[in-house]
Amino acid sequence: MAFFLLLGEISTASSARADRTTHPCLRHITSGDALAVADPSGDIVFEKNATEPFIPASILKILTAATALHYLGPAYRFKTAFYTDKKGNLKVKGFGDPLFISEIILEISDTLSKKLVDFKDLIIDTSYFASGIHIPGQGMSTNPYDAPVGALCANFNTVCFHRTRTGKPVSSESQTPLTSLARRKIASLHLKKGRHVFTHNGHDAARYAGELLLYFLSQKGVKNSGQIRFGRVTREDANVYTYHSRFTLETALRKMLKFSNNFIANQIFITVGARVYGAPGTLKKGIRATRQYLEKTLSINGVRITEGSGLSRENRLTAVDMLTILNHFKPYRYLLTEENGLYYKTGTLSGIHTRAGYIQESGKAPCAFVISLRGNGKKITALMACIRRSRCP
């Protein structure tokens with residue numbers, strides 16, 4: 001009797017393994033692809049090539065989000081600090097705020113105008129990030145996905161404009177003036193209308209933020225020399241105002257994931273490194289903090305990370321690794337794009353198509369899935385339909 005019971009257990013286990021590797025959805029997966037689907041408890045329901053490393057592309061942003069939430073917390077707010085020195089200059093120190101936009105600079109200027117009548121020069125302190133940070137996989141194009149990072153950046157390091165009938169560039173955003181630097185860059189790069197990265201130089205990016213600040217301060221009646229210099233905040237300087245972002249980290253992550261914004265991702269990635277290991281923020285510190293989170297909190301080893309957005313083709317993880325990340329990110333799945341109970345993030349690089357997220361039927365706990373396809377990504381639609389029909393437990 002015991003023999004037949006043991007035989008039954010072996011048969012059941014073999015059947016489970018067979019279902020896991022012979023599921024109908026796996027017919028879409030070739031030798032260069034990967035797929036894994038897990039039930040609400042995290043156990044894999046079916047998979048193929050789930051332990052083979054693949055290039056995650058933008059689904060890596062889920063790991064960046066999870067890491068930031070772990071170290072900083074959802075209520076964390078970026079800051080930008082303002083000081084005056086003994087010579088009457090105004091100093092601004094950036095701390096990597098990825099949502100330092102025109103509307104915010106206007107608000108800050110309004111507050112500063114109630115504290116300052118005038119000042120001499122504007123001195124910019126960008127020391128919270130190391131200088132010259134280059135993101136692996138980032139090109140030198142004017143496309144917004146190639147926007148450089150920095151401790152003080154405005155409007156995602158982009159400018160949006162169109163041209164009048166005479167060809168004169170004018171801002172396409174009523175809240176954003178075209179500063180002198182922006183106009184020079186538009187002319188030198190022969191840019192056409194639209195949103196563009198206009199510089200890959202960190203000092204130019206910070207100077208643009210400074211020009212916007214000077215413009216709005218002048219509009220508020222604060223007199224100044226109009227000169228912008230670079231320097232450091234010292235202990236002798238007096239803090240006159242510290243702006244804490246109106247946007248929480250949770251909101252920043254939602255925007256990052258919704259728009260797959262590489263700039264926001266790496267601003268957060270580097271900030272995490274600076275918070276955990278001290279300024280200046282660097283890619284190496286961001287990588288180190290992410291690895292510590294993976295190894296100490298998630299018990300994941302062997303993941304290769306070179307930046308936080310998924311731009312680099314040197315990033316590597318497995319579908320099993322990604323399922324573990326998704327299991328921990330589950331309470332924040334609402335930050336992902338949602339369509340009829342499907343919460344997901346996509347990733348695309350040349351020849352690479354990835355997708356990861358959750359399927360949640362009404363009244364049921366969510367199942368997690370990870371897809372990596374090489375070559376043509378058209379079959380991802382049929383694959384997703386098959387996964388949804390599978391109705392994981």
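Predicted model: local features only at pLDDT ≥ 70, side-chain atom pairs only at ≥ 80, totals over all residues.
Asp 110 belongs to helix α3 (residues 102–113) and Lys 220 to the loop between α5 (202–219) and β9, so the pair ties together parts 110 residues apart in sequence. Asp 110 is partly exposed as well, at 29% relative accessible area.

A search of the whole structure gives 10 salt bridges; three of them are tabulated here.

| Salt bridge | N to O distance |
|---|---|
| Lys 91 and Asp 237 | 2.8 Å |
| Lys 364 and Glu 361 | 3.7 Å |

In the bridge between Lys 364 and Glu 361, Lys 364 is partly exposed at 45%, and Glu 361 is partly exposed at 24%. Shared partners join Asp 110, Lys 114 and Lys 220 into one salt-bridge network.

The bridge between Lys 91 and Asp 237 links distant parts of the chain, 146 residues apart: Lys 91 is in strand β4 (residues 90–94), and Asp 237 is in the loop between β9 (228–230) and β10 (238–244). Lys 91 counts as buried at 6% relative accessibility, and Asp 237 is buried at 11%.

Helix packing is the remaining topic. Helices α7 (residues 262–277) and α8 (residues 283–297) have axes 7 Å apart and an angle of about 80 degrees, and are therefore roughly perpendicular to each other. The contact residues comprise eight nonpolar, five polar and two charged. Among them are Phe 269, Ile 270 and Val 276 in α7, and Leu 283, Ile 287 and Arg 288 in α8.

Methods
Residues numbered from 1 in each chain as written. Heavy atoms only, no water. Axes fitted to C-alpha atoms, helices over the stretch in contact; angles between N-to-C directions. Helix = DSSP H or I, 4+ residues; strand = E, 2+ residues; numbered from the N terminus. Parallel < 35°, antiparallel > 145°, perpendicular 65-115°, else oblique. Contact = heavy atoms within 4.5 Å. Nonpolar A, V, L, I, M, F, W, Y, C, P; charged D, E, K, R; others polar. Salt bridge = Lys/Arg side-chain N within 4 Å of Asp/Glu carboxyl O. Buried < 20%, exposed > 50% of the residue type's maximum accessible area, 1.4 Å probe, protein only.
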